[in-house]
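Dear colleague,

Please find the structure below, handed over for your records.

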Amino acid sequence: MAGKKGWVRRVKTVSTYPPEGIFTKDAQTIAKAMASNKVRPKGIVAGIRMIQYFINRAGKGLSAARRRELEKAKRILQEKRKQ
């Protein structure tokens with residue numbers, strides 16, 4: 001059995017998928033894609049969770065610049081949610 005840290009690798013979902021390579025784009029593009037009903041039919045919060053899941057899954061392998069861009073995309077979605 002894998003340790004506690006291994007659980008995220010085993011997670012598989014058939015719900016929705018973000019476009020291939022979206023998490024390598026700029027924050028505005030990521031936020032726009034995550035706001036799409038096709039990607040997150042359950043609302044903007046699902047898009048925010050998807051970004052956070054990606055950050056968690058990338059772990060220490062995620063560069064500081066990429067992490068900042070993803071966090072910025074989350075903030076954009078959070079602002080959009082408040083509107």
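Predicted model: local features only at pLDDT ≥ 70, side-chain atom pairs only at ≥ 80, totals over all residues.

Residues are numbered from 1 along each chain as its sequence is written, and side-chain values use heavy atoms, with hydrogens and water left out.

A search of the whole structure gives two salt bridges (a side-chain nitrogen of Lys or Arg within 4 Å of a carboxyl oxygen of Asp or Glu). One joins E71 and K74, at 3.2 Å from N to O. These residues lie three apart in helix α4 (residues 64–82), about one helical turn from each other; helices are DSSP runs of H or I of at least four residues, numbered from the N terminus. K74 is buried at 10% relative accessible area, whereas E71 is partly exposed at 25% (buried is under 20%, exposed over 50%, partly exposed in between, with a 1.4 Å probe and protein chains only).

The other bridge links K82 and E79, at 3.7 Å from N to O. K82 is exposed at 65%, and E79 is partly exposed at 46%.

In helix α3, the buried residues include I44, M50 and I55. Among the elements covering the buried residues of α3 are α2 (27–34) and α4. Just after α3, G59 has a positive phi of about 60°.

With kind regards

Terms used: Helix = DSSP H or I, 4+ residues; strand = E, 2+ residues; numbered from the N terminus. Contact = heavy atoms within 4.5 Å.
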